[in-house]
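Hi,

Here's the structure I said I'd pass along. Have a look at it first, and then read on for what turned up.

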There are 2 protein chains.
Amino acid sequence: MPCAFPTVHERHVTDFLDSAMENIVTEKKAEESHRQDSADLLIFILLLTLTILTIWLFKHRRFRFLHETGLAMIYGLLVGVVLRYGIHMPRDGTSVMLNCHVNASPATVLVNVSGKFYEYTLKRVLSSSGNKVDDVSDNENEMLRKVTFDPEVFFNILLPPIIFHAGYSLKRRHFFRNMGSILAYAFLGTVVSCFIIGLLMYGTVTLMKHVGQLHGEFFFTDCLFFGAIVSATDPVTVLAIFHELQVEPDLYALLFGESVLNDAVAVVLSSSIVAYQPTGDNSHTFEGMALLKSFGMFLGIFSGSFALGVATGIVTFTKLRDFQLLETALFFLMSWSTFLLAEACGFTGVVAVLFCGITQAHYTYNNLSRESQDRTKQLFELLNFLAENFIFSYMGLTLFTFRNHVFNPMFIVGAFLAVFIGRAANIYPLSFLLNLGRRHKIRSNFQHMMMFAGLRGAMTFALAIRDTATYARQMMFSTTLLIVFFTVWICGGGTTQMLSCQRIRVGVDSDQDNSVIPERSSTKHESAWLFRIWYNFDHNYLKPILTHSGPPLTATLPPCCGPLARILTSPQAFENEGQLKDDDSDLILTDDINLAYGDITVNTDGSGVHTSSGAGFASGMSSEDLDRELTCGDNEVVMRGTCLVFPMDDSEPTLKDPHMRF
Amino acid sequence: MPCAFPTVHERHVTDFLDSAMENIVTEKKAEESHRQDSADLLIFILLLTLTILTIWLFKHRRFRFLHETGLAMIYGLLVGVVLRYGIHMPRDGTSVMLNCHVNASPATVLVNVSGKFYEYTLKRVLSSSGNKVDDVSDNENEMLRKVTFDPEVFFNILLPPIIFHAGYSLKRRHFFRNMGSILAYAFLGTVVSCFIIGLLMYGTVTLMKHVGQLHGEFFFTDCLFFGAIVSATDPVTVLAIFHELQVEPDLYALLFGESVLNDAVAVVLSSSIVAYQPTGDNSHTFEGMALLKSFGMFLGIFSGSFALGVATGIVTFTKLRDFQLLETALFFLMSWSTFLLAEACGFTGVVAVLFCGITQAHYTYNNLSRESQDRTKQLFELLNFLAENFIFSYMGLTLFTFRNHVFNPMFIVGAFLAVFIGRAANIYPLSFLLNLGRRHKIRSNFQHMMMFAGLRGAMTFALAIRDTATYARQMMFSTTLLIVFFTVWICGGGTTQMLSCQRIRVGVDSDQDNSVIPERSSTKHESAWLFRIWYNFDHNYLKPILTHSGPPLTATLPPCCGPLARILTSPQAFENEGQLKDDDSDLILTDDINLAYGDITVNTDGSGVHTSSGAGFASGMSSEDLDRELTCGDNEVVMRGTCLVFPMDDSEPTLKDPHMRF
């Protein structure tokens with residue numbers, strides 16, 4: 001398409017021709033830019049493809065020292081090196097500097113280019129210090145700019161499916177059984193970790209200032225912000241290995257539950273810290289009022305997001321079972337709209353999506369047709385997989401392509417130490433406190449494993465890259481990258497060694513592990529009574545109203561509420577009354593598989609130790625009688641469910657299991 | 001967060017504080033804009049949710065007069081009306097007019113706003129005529145601008161899954177059986193339709209110019225472009241009803257195949273027409289050289305996209321079967337990278353994706369594990385569903401929210417007539433010509449039905465909205481919208497009436513309809529010999545190399561190629577040798593279900609007419625002997641496959657079927 005650029009503007013005659021020509025030029029330019037964008041995106045797709053193929057090889061050969069996310073990072077690093085040092089694309093010179101005499105930065109700029117109007121949208125603030133702009137506009141590698149994504153992409157596109165998937169796959173009885181401990185680690189632990197790391201980093205920064213290593217401002221709120229972002233653990237590598245090796249389900253539940261929830265805590269915490277803004281000009285000083293406001297914000301955002309997520313998650317599909325496609329589509333859209341709704345309301349979408357996922361797994365899932373259950377699971381599994389690997393490969397890439405890295409050895413050393421100490425301050429004291437209340441203690445090898453499994457991943461990265469405008473944030477971002485790399489590669493890679501070193505049982509079939517529980521109820525009074533009340537309420541009232549499973553309300557409500565109960569209970573619930581155990585099998589265990597117990601407990605250094613433990617628990621059923629009076633109707637099934645959620649004692653101490661050291 | 005805007009710039013002391021404050025202001029602004037974006041997107045999600053719920057109601061009640069896409073359009077229209085007339089958001093005044101003394105429009109603009117640098121990216125060209133800009137910058141409804149998507153979104157995000165899904169679900173033996181006719185309709189027919197419509201529109205435009213109705217330039221190339229975009233048929237509504245009512249599979253295959261392929265033809269045709277650019281300043285005049293170049297481009301782009309699509313589609317996964325997630329992810333990424341690769345190479349991604357889908361359905365699908373087959377099907381089904389309904393609801397919305405509509409009654413009437421005539425000129429003459437060569441004639445009621453089912457949909461819309469810069473394009477876009485609305489609502493809604501009016505059989509089980517075919521081979525010599533050769537080659541050589549199904553190459557290749565054959569054949573192919581019929585069941589029919597034939601042919605006005613037809617076909621098997629010499633080994637199965645792809649004579653004429661009128 002040879003097309004001369006119009007230079008002569010004979011407005012009267014060739015006006016239309018001219019404008020047509022100009023249109024073509026614009027079109028060509030747009031096409032060129034589109035082709036370039038496609039090529040850039042293709043790099044990432046091929047990177048992911050390569051990762052998948054290599055993962056397959058690793059899985060096939062049963063290599064466990066490197067997880068797919070670690071691998072994605074390595075490939076990302078390699079491509080980053082190539083882009084940085086290999087390809088030298090000349091800057092195309094299309095960037096033009098304009099001087100504008102407005103006070104605020106407008107969202108949209110209309111540029112009058114020789115009679116034609118172009119609309120420009122704000123992409124980013126380059127830098128607050130003027131000298132950096134030269135750096136940008138001179139011979140910088142254009143390619144690097146091309147492969148840099150808008151940081152908000154991570155938060156608004158890639159994180160939601162990951163977090164939702166985590167919530168949606170949380171439906172495990174081991175999670176509910178350890179709920180108290182998980183909540184403690186996730187809430188208390190994350191806050192503790194955040195403040196410990198923040199304080200330690202403030203010490204480091206102050207030291208750096210004294211030594212003259214600090215080349216910019218670094219406020220205490222920045223330190224706290226750093227503490228918040230690196231407190232979000234993401235042991236995806238460890239959990240994958242746990243799953244593969246069938247590590248003890250309680251440990252799995254503790255780690256998984258903690259990591260899922262502390263993401264939510266960390267993101268709200270970090271936004272509260274950013275919002276901590278003392279009034280007046282002297283910002284960054286301590287002020288009680290602002291702290292209180294921040295704390296209020298934390299509570300507000302968290303509970304708002306929580307309520308929103310739960311509310312939309314609770315939406316029930318009663319009659320769409322016949323059209324699986326519609327059902328799946330609706331499910332997907334509801335999850336997405338939860339995110340958008342929360343963001344539009346000023347809450348945190350990620351948190352809302354998490355609780356939406358948990359609620360949907362608990363209630364909505366039961367209403368879906370069998371096919372839609374599979375479909376939704378597989379869909380979010382795929383989205384999670386793609387998003388996760390994309391984030392990790394981008395992490396690798398960005399180590400070389402990010403332009404404003406600030407690597408400060410002192411800060412890095414301090415950060416590593418702080419992260420380590422912060423994790424320790426989270427796990428050990430909390431475990432000690434929890435063990436005071438728990439019948440089924442969190443053993444020290446579990447604690448060490450949890451300490452070791454404090455990997456940092458996608459959430460930390462997304463929070464760190466979200467804002468890299470100031471010197472402090474840039475230094476944080478660079479350091480965070482290193483922390484992620486180290487923990488994913490070293491801690492993730494050493495998981496199997498750590499497991500065998502800590503003598504943690506592997507090969508435990510989590511589905512049948514606790515089949516003996518219904519037999520024992522002596523521990524009932526020691527269990528979390530709050531949780532028990534919630535569970536009864538949920539099982540007897542919420543489940544029947546919100547799902548087709550559970551006992552009909554006519555059975556659980558007092559007789560006086562008969563008509564109301566009949567209205568609220570779905571017709572299927574009556575039909576399902578018989579098969580109740582199957583529908584709720586996540587919480588209710590069958591007790592006819594006791595005999596298989598010995599076969600399935602495979603020990604690392606000796607099997608069959610636990611064959612006798614089943615009999616050891618077969619004590620009195622007295623306290624069930626009490627509960628039987630509380631609820632009426634078919635509470636036989638209900639009670640069995642209630643029993644199960646109590647902490648289980650693996651009774652190693654009694655049996656003097658040789659490989660459990662306290 | 002009360003935060004005073006910094007007005008005093010005391011650079012030395014409060015520099016950092018000031019910049020921190022500014023950062024906060026920028027952050028707040030970005031947050032505000034992000035919340036607004038979330039709210040806007042939420043409108044669409046809720047629109048889709050509403051559509052799904054209503055569709056469910058319709059499906060539940062078995063309403064067939066309105067398809068989900070038609071419904072999506074109606075809801076879109078309603079929301080459009082509300083946004084246009086209901087909500088009056090004041091313009092936020094953040095848009096600033098800058099005058100810039102550069103010649104070309106830069107892709108990036110750096111704006112120096114009182115010492116800070118902001119990067120802006122080019123969003124769009126507002127208008128070539130200066131007076132339009134006032135229109136934009138004055139009190140226009142800000143909301144309308146917010147809900148306007150970048151037109152490229154349709155082409156690069158929403159269309160690919162739709163088109164891929166169409167290709168991926170093309171794997172039907174009825175498609176292969178009617179391949180010749182489908183290709184004729186899609187290629188020849190679309191080109192004929194494009195030129196007929198283009199010429200008619202040129203006539204209309206010339207007339208309009210004489211009457212003084214034309215208020216801008218409208219060139220012949222614009223007319224041709226219009227012809228190309230409205231030649232892409234999208235009978236999604238009709239096909240959904242066909243599928244539901246189980247209309248005769250040959251008609252289904254003809255319509256579906258045509259609509260899938262003519263999308264590809266239309267998109268390449270339109271880009272060739274845009275590229276038609278005579279040299280020199282006098283554009284828009286006829287020039288042989290430019291035409292030839294355009295034609296060459298058409299061939300080049302089409303064959304390039306085709307080759308690319310087939311090449312990436314052919315990629316085989318040989319050993320990933322054990323890891324379904326990896327398999328599905330890889331499948332998804334390969335399809336996407338086909339699109340990106342084609343776009344990066346300057347080909348047409350949509351076309352590449354279409355042929356990638358067809359190839360993957362034909363080869364790759366056989367290599368997938370059973371679970372991945374389901375997963376990939378369901379995934380693309382869901383994506384297709386969401387994308388399609390989104391496009392159609394956006395279509396409804398844009399009728400009211402698009403700002404530069406040009407509704408010209410004369411042009412609209414002319415366009416409707418031209419579309420009608422163009423479709424007729426496609427179907428009837430081509431059917432006549434095809435019937436000369438076809439043993440199994442395309443009956444006149446089929447022809448009328450195909451004529452009637454020439455709906456316009458997603459592709460037409462995406463092509464029309466892609467460029468609405470000039471007056472001609474704006475008029476085209478507005479008219480196209482009306483054509484889509486009319487055809488989807490009126491033609492789509494009248495499908496059942498038309499079916500019964502044309503006395504087309506419904507309730508035909510397409511899987512078992514042709515079970516009698518293996519018995520007959522008298523029509524063999526009348527069939528497409530080219531296709532037969534291809535089929536044999538494909539079945540004997542390509543399938544064994546590329547998939548695990550098909551006969552081992554050791555059986556199909558001459559003995560001298562033994563070692564090579566052993567290398568190229570996958571181990572599974574040897575194992576699968578026995579169950580070959582199942583793997584390739586789309587093309588190979590079992591002949592032991594003849595007796596069931598009478599039960600499954602449900603007629604509109606009388607059943608069981610065809611029970612005797614099976615016996616009628618049981619003629620000689622002579623020509624199979626010939627083929628048996630061509631291939632060696634287990635060609636018993638191969639031959640049965642070959643037989644089947646021949647045109648089938650439903651033999652209504654012989655049987656004097658009372659409801660088939662010629």
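In which helix of chain A is Gly300(A) found? That would be helix 11 of chain A, which runs over residues 288–314. Bear in mind as you read that this is a predicted model.

On to helix 10 of chain A, residues 249–275. Helix 10 of chain A has 27 residues and reaches 39 Å from its first C-alpha to its last, close to the 39 Å expected at 1.5 Å a residue. Of those 27 residues, 25 are buried, so helix 10 of chain A is largely enclosed by the rest of the structure.

The other thing to look at is a helix pair. The axes of helix 14 (residues 370–401) of chain A and helix 17 (residues 458–465) of chain A come within 10 Å and cross at roughly 50 degrees. The two helices are therefore oblique to each other, and the crossing is left-handed. On the helix 14 side, the contact is made by Ile391(A), Phe392(A), Tyr394(A), Met395(A) and Thr398(A); helix 17 of chain A brings in Ala458(A), Phe461(A) and Ile465(A). Sorted by class, that contact has seven nonpolar residues, one polar and no charged ones.

Cheers

Note on methods:
Residues numbered from 1 in each chain as written. Chains lettered and ligands numbered in written order. Predicted model: local features only at pLDDT ≥ 70, side-chain atom pairs only at ≥ 80, totals over all residues. Heavy atoms only, no water. Axes fitted to C-alpha atoms, helices over the stretch in contact; angles between N-to-C directions. Helix = DSSP H or I, 4+ residues; strand = E, 2+ residues; numbered from the N terminus. Parallel < 35°, antiparallel > 145°, perpendicular 65-115°, else oblique. Left-handed = near helix turned anticlockwise from the far one by under 90°. Contact = heavy atoms within 4.5 Å. Nonpolar A, V, L, I, M, F, W, Y, C, P; charged D, E, K, R; others polar. Expected span 1.5 Å × (residues − 1). Buried < 20%, exposed > 50% of the residue type's maximum accessible area, 1.4 Å probe, protein only.
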